[in-house]
Amino acid sequence: MSTRIAIIGCGYVADYYARTLALHPELELACVADRDGARASAFADFHGYRVATVADILANGSIELVVNLTSTASHFDVSRAALESGKHVYSEKPLALEFPQAELLVRLAASRGLILGVAPGNVLGESAQTLWKAVRDGAIGTPRLVYAELDDGPIHQMDYRDWRSASGAPWPWKDEFETGCALEHAGYYLSWLAAFFGAASRVTTFASTLRPEKAPDAPLARHTPDFSVACIEYASGLVARLTCSILAPRDHSITIIGDEGTLVVQDCWDDGSPVILNASSRMSSRKSSRTSSTPRTPTSALSKWWPFLSRGQLSEGEVSMPLLREPPRSLPGTGGNRMDFTRGVAEVAAAARERRDCRLGGDYALHLAEIMLAMQYPDRMGSPRMLRSRFSPVAPMDWATGSGG
């Protein structure tokens with residue numbers, strides 16, 4: 001049974017969804033819309049879609065789910081209108097630019113019995129799910145600390161005005177700079193942390209605008225932080241440090257440190273990024289890691305993975321864990337990423353069809369929004385901030401619940 005969807009917003013990011021839509025034949029795209037008619041036509045002509053108006057989409061009872069890919073300032077209004085018209089919603093991040101707006105959307109969806117999901121969906125990908133299973137299996141013992149990086153390089157020094165999507169849409173540099181790096185990108189790892197470790201209890205944040213003059217010939221309406229960092233505390237005692245910037249050299253890695261080793265993924269924008277395990281018996285000693293050519297004897301939790309581990313092309317003591325399944329071979333690489341952007345849309349649609357909780361649903365989305373807004377606006381949100389939002393545990397993907405390997 002298919003789900004009829006419509007896309008509202010035909011800008012730069014829409015091509016990422018269009019290029020991965022074919023991976024989900026259970027989704028039927030009815031039409032697309034954009035407030036800029038020329039942009040909608042260019043996008044639709046390139047991909048072979050039908051153009052409609054937003055009003056037509058909201059009034060069409062056969063369309064069950066709206067994919068909100070509008071500019072960040074429009075996310076709240078478009079999502080609210082879609083929910084009020086009785087449609088499920090999957091919104092690009094951020095859910096809203098103000099926390100009360102995000103709360104309103106979540107309440108509205110719940111009151112209507114609708115699903116409100118939020119990007120990114122990379123937590124549902126093969127690399128993230130493999131990393132999560134390794135944590136659940138105790139491959140590194142008890143996790144204690146996480147370092148996560150979302151640095152995109154000095155974008156203001158790049159030729160960003162020349163960047164175009166497949167259908168010719170320009171990268172929305174002004175909107176990106178005015179929105180801020182935390183709201184734009186922190187979700188790529190906040191979603192992993194929420195799924196792996198549950199709701200956080202407290203977050204301490206710092207943010208700064210280090211280069212306000214990113215576009216000297218086109219002054220920005222507002223100067224938002226281009227550097228943000230958060231220390232996030234969980235009930236288990238685990239602490240995660242997440243850094244976001246558009247100044248530091250590109251680094252999209254995550255390291256999870258446990259009592260018995262570390263797990264590393266180099267790029268959260270790649271669904272097939274390897275999961276690297278270092279299970280050295282004495283991580284604190286550089287000498288011991290140099291003299292150990294292979295990891296220590298596996299624990300019972302790790303032993304199920306042992307026959308499948310690869311030690312080629314890695315440093316001493318490191319092994320590459322097998323992905324629980326391979327990413328689709330047809331997954332396109334676009335704009336420096338290799339992600340299935342439509343995976344989150346498919347999750348919302350499946351949850352609606354199966355009448356189950358959505359892995360990317362409203363309460364979870366609100367929790368991510370609260371932390372992202374705290375990273376962006378520590379003065380307004382308070383730092384440290386005792387987090388108000390909570391959500392039910394996120395379920396792993398069905399294909400990620402079996403034995404390792």
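The model is a predicted one, in which local features need pLDDT of at least 70 and side-chain atom pairs count only at pLDDT 80 or more, while totals for chains, interfaces and linings use all residues. Residues are numbered from 1 along each chain as its sequence is written, and side-chain values use heavy atoms, with hydrogens and water left out.

Of its 405 residues, 59% are buried (under 20% relative accessible area; exposed is over 50% and partly exposed in between, with a 1.4 Å probe and protein chains only). Among contacts with a separation of 6 or more, 73% join residues 24 or more positions apart.

Two strands pair if DSSP finds at least two bridges between them. Strand E12 (residues 275-278) and E13 pair in the antiparallel sense over four bridges, and Asn278 has Glu318 in E13 as its bridge partner.

A second open sheet has five strands in the order E2-E1-E3-E4-E5, with parallel pairing. Strand E2 (27-33) and strand E5 (116-118) are its edge strands, each pairing on one side only. From one strand to the next, the twist averages 20°. E1 and E2 share six bridges in the parallel sense, with Ile8 facing its bridge partner Ala33 in E2.

Strand E3 deserves a look of its own. Strand E1 (residues 3-8) pairs with E3 in the parallel sense over four bridges, and Val67 in E3 is the bridge partner of Ile7. E3 also pairs in the parallel sense with strand E4 (residues 88-91), over four bridges, where Leu65 stands opposite His88. In a regular strand the side chains alternate between the two faces of the sheet. Both faces of E3 (residues 65-68) are covered: Leu65 and Val67 are buried on one side, Val66 and Asn68 on the other. Together with helix H4 (residues 75-84) and E4, E3 makes a right-handed β-α-β unit; right-handed means that, with the strands pointing away from the viewer, the path from the first strand over the helix to the second runs clockwise.

Aromatic side chains complete the tour. The structure holds 19 aromatic pairs. One of them, between Tyr189 and Trp192, is edge-to-face, at 5.0 Å centre to centre and 90° between the planes. Rings of Phe, Tyr and Trp (its six-membered ring) pair if their centres lie within 6.5 Å, with planes under 30 degrees apart counted as stacked, over 60 as edge-to-face and the rest as tilted. Tyr189 and Trp192 are three residues apart in helix H9 (residues 187-197), so about one helical turn separates them. Tyr189 is buried, with a relative accessible area of 0%, and Trp192 is buried too, at 2%. Ring pairs link Tyr189 and Trp192 with Trp132, Phe196, Phe197 and Tyr234 into a cluster.

Technical notes
Helices (H or I, at least four residues) and strands (E, at least two) are DSSP runs, numbered from the N terminus. Axes are lines fitted to C-alpha atoms, for helices over the stretch in contact, and angles run from 0 to 180 degrees between N-to-C directions. Contact means heavy atoms within 4.5 Å.
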